Amino acid sequence: MGWAVRVSVAVAALVGTSCTFVGPSAVRATRTDYNQAIVETRNQEMLLNLVRLRYRDTPYFMNVERVASALTFSRGASIGADLESGGSTASAGASVLVSESPTIFYVPIEGDRFVREIMAPISLDFVLLLYHSGWSVERILALTVQEANGLRNAPTASGPTPSGEPEFRQFRQAIRVLRALQVKGLVELGRTTVDDVATLELRLLPGSAGDPDTHTLRTLLGLAPDVDAYPMVLGIGGHDRHRIVLKPRSLIGVMFLLSQAVEVPERDLGAGVVTRTLRADGTPFDWGELFGGLFAVRSSPDRPETAAVAVEYRGSWFYVPDDDLDAKSTFVLLTQLLALQAGQTSAPPTLLSFSVGR
């Protein structure tokens, strides 16, 4: 093959390369990586903040607002020839270079934004939305409600770890039988209006009257047996027999609550850097009584081999086991509550941008 022909073949190859679309390939190569990185670090940040709260350290959130990535595509070609008396040689080459320059925008949750998203009481509309999204009513109310018709759901655990055993057993029994009625299709949550204000309503469906769980629920909440629909209104303490008075938690209250489920290494307990919760008789209170079937964060001196999410803090590893489906479900519910609370804020975000690479 003559050198002119070889050069023609090389140039044709370069032209063929120029017809290849790199944009779709770039999306395939980067989109899932960004997605996985954002989800993984979001979960790690949430777990880290739960652990911080258990140690009475300051939590902090940095949301990834958006990622802007610029892809630069360049092509090059080289052609050379060497003509001599004894013959001829020719060479040709082509090059393609793709470079990426991502810019990541963070939004710190602080100031007014912190108050709106983290410290504001959770809306009952979110409770209804999560219920109709398929979540267990027991799991939803265990996290979001601090008191219902005088039944307390560990209100002292909505802040730093209490020194005394929290009050929670009757409330947990009430939401447990409510969950049983939900599974049997005998109860639902809907909307109603009380004093011209839209609110939720607990409705007992046909067939529920003879169910023992219905009787237990009414007895625990002090509800009248002659009605099947009970409006759920905001308040605290007293109630009449035809309403359910709820006191919702804030998102930071939910986080404080779940932080009590963090397993603390014995050396930290001995050093007094976390609070020991005691029963009335002075014996240690087991938070597993409150969180059984709901949530747990384990600790280990070494990085766990299998974990849904894990972070290192104060020389120990804290993690949610990958096979603890209840804990994983509650963790997902917590992240959804954060997303819902973030969606209702109207404050303009303060963006911090960081360019990565050159």
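Residues are numbered from 1 along each chain as its sequence is written. Because the model is predicted, local features need pLDDT of at least 70, side-chain atom pairs count only at pLDDT 80 or more, and totals for chains, interfaces and linings use all residues, while side-chain values use heavy atoms, without hydrogens and water.

Start with the rings. Rings of Phe, Tyr and Trp (its six-membered ring) pair if their centres lie within 6.5 Å; planes under 30 degrees apart are stacked, over 60 edge-to-face, and the rest tilted. By this rule there are five aromatic pairs. One joins Tyr55 and Phe318: the centres are 6.2 Å apart and the planes stand at 80°, so the pair is edge-to-face. It links distant parts of the chain, 263 residues apart. Tyr55 sits in the loop between α2 (22-54) and β1 (62-84), and Phe318 in strand β11 (residues 316-321). Strands (E, at least two residues) and helices (H or I, at least four) are DSSP runs, numbered from the N terminus. Both Tyr55 and Phe318 are buried, meaning under 20% relative accessible area (1.4 Å probe, protein chains only).

Phe285 and Trp287 are also edge-to-face, 5.1 Å centre to centre with 80° between the planes. Phe285 and Trp287 are buried.

Now the core. A nonpolar core is a set of buried Ala, Val, Leu, Ile, Met, Phe, Trp, Tyr and Cys residues joined through side-chain atoms within 4.5 Å. The largest has 79 residues, and Phe291 and Phe295 have the most contacts inside it. Helix α8 (residues 251-259) gives the largest share, seven residues.

Conventions:
Buried < 20%, exposed > 50% of the residue type's maximum accessible area, 1.4 Å probe, protein only.
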